[in-house]
Amino acid sequence: TQHNFVLDDALDALRETADTDIAATKVSDTATKRLECFNLNQAQNESEAEGRAAKRRKLELDKEKLQGGDLTPLNDLDANFYNQLLECPGIVDWLFAEPSAKQSLYDFLVMRNKASQWYAEPAKRYFKDRLSHLLEVGQIEGDAVSSWVSLEIEKLREAVYGFPDAGGQMPPLFRTFADPDTGQDEECAVVQCHQSGSARNDTVVIELDD
């Protein structure tokens, strides 16, 4: 409690000096610093909570847009890929023929962005390869696109959200796209970690075994 903090601060100050005026000043300074730290932490926690709430609202709004036939959320996630997919009749047919298609492609791109943030270059190379393949498949017909996206999302969910085979290691799905010349991508991954029940977000550098 606040009372215990003040008492402990007073005892610490009196151990350092017998002058009660100096001790009182030390206690006051310590209390001021503690209050400043508390206020800063409170502001940070509130800001992070607002940020998470804003992301949830964005996801809900995007879902409503997609259900209404609006493809803007796809363009917002990747304008370059969006422009390319419009040239693929198979993808366009699939997007408007299958009710869940727009949300499925949106979920794929969201997972792509998260994995690229967590696993850096190997994940980016993986998705560059997969999106190129999707654009090729998209030249054929909608059923092929539907099967491709469903399978890819299943693989991604297992790789990104599934329990890792070895703690601290990049998913094998992305490890195969590590730099073949230096191997540096396999040695180290920067992962954004969120602690359950806490507003803290820590950037952790994880060393990966061979």
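Guide: Happy to! Let's begin with a term: a crossing of two helices is called right-handed if the near helix is turned clockwise from the far one by less than a right angle, and left-handed if it is turned anticlockwise. Please keep in mind that this is a predicted model. Our pair is helix H6, residues 101-137, and helix H7, residues 142-161. Their axes lie 9 Å apart and meet at an angle of about 165°. Angles over 145 degrees count as roughly antiparallel, so H6 is roughly antiparallel to H7. By the definition above, the crossing of H6 and H7 is right-handed. As for what lines the contact between H6 and H7, its residues divide into 16 nonpolar, 6 charged and 2 polar.

Now to the nonpolar core. The largest one holds 35 residues, and those touching the most other members are Leu 74, Ile 91, Leu 105, Phe 108, Leu 134 and Phe 174. At least two residues of this core come from each of H4, helix H5 (89-97), H6 and H7. H6 gives the largest share, with 17 residues.

One more stop, at Asp 78, which sits in the loop between helix H3 (72-77) and helix H4 (79-85). Its relative accessible area is 17%; buried means under 20%, so Asp 78 counts as buried. A polar atom of the Asp 78 side chain lies 3.0 Å from the backbone nitrogen of Phe 81.

Conventions: Residues numbered from 1 in each chain as written. Predicted model: local features only at pLDDT ≥ 70, side-chain atom pairs only at ≥ 80, totals over all residues. Heavy atoms only, no water. Helix = DSSP H or I, 4+ residues; strand = E, 2+ residues; numbered from the N terminus. Buried < 20%, exposed > 50% of the residue type's maximum accessible area, 1.4 Å probe, protein only. Polar contact = N/O pair within 3.5 Å; in protein donor to acceptor, adjacent residues only side chain to side chain. Axes fitted to C-alpha atoms, helices over the stretch in contact; angles between N-to-C directions. Parallel < 35°, antiparallel > 145°, perpendicular 65-115°, else oblique. Nonpolar A, V, L, I, M, F, W, Y, C, P; charged D, E, K, R; others polar. Core = buried A, V, L, I, M, F, W, Y, C linked by side-chain atoms within 4.5 Å.
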